[in-house]
Amino acid sequence: MIIKTARFVISNSDIDKCPKPNLPEYAFIGRSNVGKSSLINMLTGNSKLAKISGNPGKTRLINHFIINDEWYLVDLPGYGFAKVSKTDRKKFEQFIRKYILQRENLYCICLLIDSRHEPQTIDLEFMDWLGESQVPFVIVFTKTDKLNKTQFENFQMNYTNKMLETWDEVPKMFVTSAETGLGKNDLLEFIEGVNKMNG
Ligand code: GDP
């Protein structure tokens with residue numbers, strides 16, 4: 001898929017004010033600082049579309065972008081930041097979960113995982129919840145330019161094995177780098193394929 005246009009539509013803390021669910025939607029989510037904004041900018045070829053945050057945990061809104069006037073790319077707030085109180089975190093997570101469960105045009109969640117870190121409980125638990133809720137998702141490994149080939153292979157094998165402790169099979173995995181553009185075509189082709197299958 002070639003991205004001809006990528007436009008910001010609206011930022012929301014109110015699920016009811018999101019755009020009409022009349023186009024396929026793909027939501028990007030991950031722990032704060034995972035590289036989500038950088039990945040969105042890399043995918044869309046617009047270095048200013050999503051704000052690369054110097055301040056993790058600040059952006060707590062749902063951002064809708066419309067791509068090629070055909071589908072929505074949704075930037076969900078990062079989770080797992082340390083500076084927020086437990087009550088606030090719970091409230092906030094409920095907000096994201098409500099969005100994920102309610103949004104009828106949400107075709108797939110792209111769950112971003114930083115390839116420099118060991119599997120994190122918060123991500124694994126989130127995946128368990130997605131599975132239980134029957135929400136389709138794929139894994140997107142970010143910042144893979146920081147590892148060499150062997151390091152990345154070991155990382156991916158370790159991650160797969162960790163998941164296989166609870167899952168019968170692992171979801172589709174994408175290998176990306178916002179620095180080098182790696183994974184851009186794969187991810188966009190995947191989205192195009194899902195759009196076509198449902199179109
Ligand atoms: P967000 O909080 O998930 O939106 O993460 P950002 O996109 O703001 O990125 C967090 C930090 O990681 C920034 O300093 C980025 O420059 C850096 N970063 C993001 N993606 C990559 C990548 O693919 N490779 C490298 N080397 N650094 C990255």
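The axes of helix H2 (residues 86–102) and helix H3 (residues 121–132) approach to within 12 Å and cross at roughly 35 degrees, where axes are lines fitted to C-alpha atoms, for helices over the stretch in contact, and angles run from 0 to 180 degrees between N-to-C directions. Helices (H or I, at least four residues) and strands (E, at least two) are DSSP runs, numbered from the N terminus. The model is a predicted one, in which local features need pLDDT of at least 70 and side-chain atom pairs count only at pLDDT 80 or more, while totals for chains, interfaces and linings use all residues. Residues are numbered from 1 along each chain as its sequence is written, and side-chain values use heavy atoms, with hydrogens and water left out.

Contact, meaning heavy atoms within 4.5 Å, brings Glu-93, Arg-97, Ile-100 and Leu-101 of H2 together with Ile-122, Phe-126, Trp-129 and Leu-130 of H3. By class, this contact of H2 with H3 comprises six nonpolar, no polar and two charged residues.

Seven strands make up an open sheet of mixed pairing, in the order S1-S3-S4-S2-S5-S6-S7; two strands pair if DSSP finds at least two bridges between them. At the edges are strand S1 (6–12) and strand S7 (173–175), each of which pairs on one side only, and the twist from one strand to the next averages 25 degrees. S1 runs antiparallel to strand S3 (residues 62–67), to which six bridges join it, and Ala-6 stands opposite Ile-67 in S3.

Helix H4 (residues 149–164) lies across S5, S6 and S7 and runs at about 150 degrees to S6.

Around the ligand there are 14 residues, of which Lys-36, Ser-37, Ser-38, Asp-145 and Ala-178 come nearest; a residue counts as near if one of its heavy atoms lies within 4 Å. The table gives polar contacts, each a pair of N or O atoms within 3.5 Å.

| Protein atom | Ligand atom | Distance |
|---|---|---|
| Lys-143, polar side-chain atom | oxygen | 3.1 Å |
| Asp-145, polar side-chain atom | nitrogen | 2.7 Å |
| Ala-178, backbone N or O atom | oxygen | 2.7 Å |

Note on methods. Ala, Val, Leu, Ile, Met, Phe, Trp, Tyr, Cys and Pro count as nonpolar, Asp, Glu, Lys and Arg as charged, and the others, Gly among them, as polar. A polar contact is a pair of N or O atoms within 3.5 Å; within protein, one must be able to donate a hydrogen and the other to accept it, and residues adjacent in sequence count only if both atoms are side-chain atoms.
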